Amino acid sequence: MSQLFLEQLLNGVQLGMFLFLVSAGLTLVFGFMNIINLAHGSLFMIGAYAMALIGGATGSFLLALILSLPVVACAAWVIEVVIIRRLHARDHLDQVLATFALILFINEGTTMLFGRVPLFMDVPESLSGTVTLPGGVTYPLYRVAIIGAGLAVALALWLIIARTRVGMQIRAGTTNRETVEQLGVNIDRLNTLIFVVGAMFAGLAGALAGPLTSVEVGMGENLLILCFVCVVIGGIGSIRGAMLGAITVGVVDTMGRAFVPDILGRFLDPAAASGISAGLSSMSIYLLMVVVLVFRPTGLFPVARSV
Amino acid sequence: MRYTHHLPFLLACLAALLLLPLVLQATGSSYLISTATRLVVFAIAAVSLDLLIGYTGLVSFGHAAFLGVGAYTVGILSFHAYEDTTLIGLPGTLSGLVAIPLALALSALAALVVGALSLRTRGVYFIMITLSFGQMLFFLFVSLEQYGGDDGMMMFEGRNTLPLLDLNDRVSFYYFCLAWFVLFFWFCTWLVRSKFGRTLAAIKQNQDRLSSIGINAYWAKLQVFVIAGVGAGLAGALSANHTEFVSPALTHWTRSGDLMIVVILGGMGTLVGPVLGTFLFLLLEEFLPLILRGLGLGLLSEHWRFVFGPILILVVLYAKTGLYGLIFPRRD
């Protein structure tokens with residue numbers, strides 16, 4: 001039992017890393033640019049497709065990983081220049097609609113290009129084994145690598161935001177955009193930078209997710225809605241909040257799916273338990289979000305904002 | 001905004017909707033009556049969403065959830081009537097006199113719970129939370145294995161029964177839905193012009209100012225949220241009767257997105273606009289593939305959303321007043 005528990009906990013953390021990579025961009029773009037971008041999940045999907053296609057063509061995992069990031073960055077740059085830039089002065093309703101329309105466009109375009117059949121790819125040879133963790137749990141190496149990559153990105157992001165000049169401008173811009181602009185910071189360039197970097201995180205998550213899930217149209221949106229929950233729990237605009245929210249959602253979701261049927265099975269008859277628990281476990285994170293919001297309507301780590 | 005100037009327009013539309021089945025039957029295209037019924041049913045949902053988005057400034061991204069509550073109420077009652085089983089000790093029924101009022105009551109209850117929690121937040125939080133509640137109900141319906149789970153279920157016993165009116169006849173069913181639509185539209189028109197409607201307009205402009213003159217904005221928002229939820233629940237109950245089929249797809253978040261599109265495409269905050277928007281949306285859905293095929297773009301006809309997406313972006317960016325604004329340009 002404890003073996004299984006630990007394994008599911010790690011699975012939860014690993015899901016949390018994906019969620020963090022996507023949520024980080026989402027929360028940065030919202031915090032700094034004040035834009036809600038539904039098409040952020042599409043960038044996750046573009047990353048996964050680029051990875052699967054380049055990986056399939058070249059046969060090299062590393063090469064595909066390295067090449068898929070610029071692909072995502074280019075896509076994000078085009079999206080920023082053509083559409084997102086025009087949405088700054090608009091209200092959230094316009095942003096939701098325009099980016100929703102963008103999802104329709106990207107999803108339908110992807111279906112036209114690559115069809116409805118999901119793409120599959122293998123875990124690379126060098127990462128395909130398992131490792132024995134302290135406590136005697138064996139765990140797939142690839143999933144350990146993902147947790148490592150997620151932590152590395154989180155650390156790098158924290159260093160950039162907390163310790164560099166650009167990071168200072170980002171923090172200042174999140175609090176008061178106009179003042180920062182008055183002080184001579186090129187906000188437009190910073191916007192593009194944040195959007196593209198955020199997109200690359202999502203693309204990286206998509207590329208890494210390739211070997212674990214089927215690469216198909218719509219994969220981004222399912223994850224995106226989970227990320228909204230993470231961001232709302234953590235507090236919009238806060239990287240720390242996104243990390244905490246992502247890990248919480250990842251763990252609660254995975255643990256819910258793994259153990260709720262068992263626990264309910266002890267109290268109810270098996271047929272009823274399996275029906276209820278399926279519903280309950282997929283709803284668990286939304287219930288969690290409701291609980292958080294009842295007590296903290298602006299999330300656990302609200303960001304100061306002077307607008 | 002005064003409504004009197006398009007009273008003739010409204011009456012003409014009503015006359016057209018009343019005569020539509022006769023015209024369709026006379027021209028031998030009575031299969032289109034089903035499309036017309038869909039138009040009327042989804043117009044109810046669109047108008048109800050306009051109360052939130054257009055009149056109160058509440059961008060609800062989970063409106064389709066209440067469609068699902070209404071539809072599943074009708075569907076589950078029909079299921080137990082067919083199986084001759086009970087749910088928590090109560091028998092199923094096909095009677096429209098029970099099913100439809102119950103669908104409205106349950107969607108009101110669902111909207112009350114969702115609204116009470118999500119209206120604690122504002123702005124972008126509200127968008128994300130309504131979206132999440134929509135997903136939550138979506139997964140709830142998916143997990144109802146007994147009622148078909150992911151695939152949904154057919155209503156084998158057919159539509160609800162009413163005294164004096166046979167809903168299985170498509171013309172009577174069309175008029176039945178039209179009657180509900182007219183009733184709901186008239187109610188909303190009255191609502192937005194009432195004192196309560198002015199409170200909503202004030203909330204849209206500046207909620208804090210309203211609170212500071214002693215009006216409870218939260219309570220007003222909750223009331224309008226429940227009213228809109230009931231409207232969507234009504235549309236769901238009618239839609240279940242129309243297709244004799246319910247499935248979680250009805251509550252998918254893209255369905256909520258479609259409803260928002262319809263409101264914007266038609267022109268929000270006008271009530272008439274969302275009806276025009278529904279009309280345009282269904283028209284595009286039916287005919288954009290044909291037009292694209294006619295232009296020799298066969299590939300795009302199957303993937304019409306590839307064309308529709310950019311059109312929508314252009315509308316959002318450059319034509320905010322929607323179809324309504326085209327028909328009734330403002331003379332300032």
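Reader: Which side chain meets that of A:R85 in a salt bridge?
Author: That of A:E80, with N and O 3.3 Å apart. A salt bridge here is a side-chain nitrogen of Lys or Arg within 4 Å of a carboxyl oxygen of Asp or Glu.

Reader: What should I know about the model and the numbering?
Author: This is a predicted model, where local features need pLDDT of at least 70 and side-chain atom pairs count only at pLDDT 80 or more, while totals for chains, interfaces and linings use all residues. Residues are numbered from 1 along each chain as its sequence is written, chains are lettered from A and ligands numbered from 1 in the order in which they are written, and side-chain values use heavy atoms, with hydrogens and water left out.

Reader: Back to that pair. Is A:E80 buried or exposed?
Author: A:E80 is buried, at 0% relative accessible area. A:R85 is partly exposed, at 36%. The cut-offs: buried is under 20% relative accessible area, exposed is over 50%, and partly exposed is in between (1.4 Å probe, protein chains only).

Reader: How many salt bridges over all chains?
Author: Seven by this rule. One of them joins B:R159 to B:E244, with the closest N and O atoms 3.6 Å apart. That pair links distant parts of the chain, 85 residues apart.

Reader: Where do those two sit?
Author: B:R159 is in the loop between β3 (153-154) and α6 of chain B. B:E244 is in the loop between α9 and β4 (245-246) of chain B. Helices (H or I, at least four residues) and strands (E, at least two) are DSSP runs, numbered from the N terminus. B:R159 is buried, at 8%. B:E244 is partly exposed, at 24%.

Reader: Tell me about α9(B). How far apart are its end C-alpha atoms?
Author: They are 39 Å apart. That agrees with the 39 Å its 27 residues, 217-243, should span at 1.5 Å a residue. The expected span is 1.5 Å times one less than the number of residues.

Reader: How many of its residues are buried?
Author: 21 of the 27, so α9(B) is largely enclosed by the rest of the structure.

Reader: And what caps its N-terminal end?
Author: B:N216 does: a side-chain oxygen lies 3.2 Å from the backbone nitrogen of B:Y218. At the start of α4(B), a side-chain oxygen of B:S95 comes within 3.1 Å of the backbone nitrogen of B:L97.

Reader: What covers the buried residues of α4(B)?
Author: The cover includes α3 (64-83), α5, α6 (170-193) and α9 of chain B. Among the buried residues of α4(B) are B:G96, B:A103 and B:S118.

Reader: What does B:T130 touch?
Author: Leaving aside neighbours within four places in sequence, B:T130 is in contact with B:V59, B:S60, B:F61, B:G62, B:S118 and B:F225. Contact means heavy atoms within 4.5 Å. B:T130 is in helix α5 of chain B. At 2% relative accessibility, B:T130 counts as buried.

Reader: New topic. How much area do chains A and B bury between them?
Author: About 4,100 Å², 81% of it on carbon and sulfur atoms. Buried area is the accessible area (1.4 Å probe) that two parts lose on being put together, summed over both. In contact are 42 residues of chain B and 47 residues of chain A.

Reader: Which helix gives the largest share on chain B's side?
Author: α5(B), with 12 residues. Chain B's side divides into 29 nonpolar, eight polar and five charged residues. Ala, Val, Leu, Ile, Met, Phe, Trp, Tyr, Cys and Pro count as nonpolar, Asp, Glu, Lys and Arg as charged, and the others, Gly among them, as polar.

Reader: Last one. What does B:D258 pair with?
Author: B:R305, in a salt bridge of 3.8 Å, N to O. B:D258 lies in α10 and B:R305 in α13 of chain B, so the pair ties together parts 47 residues apart in sequence. Both are buried.

Technical notes: A polar contact is a pair of N or O atoms within 3.5 Å; within protein, one must be able to donate a hydrogen and the other to accept it, and residues adjacent in sequence count only if both atoms are side-chain atoms.
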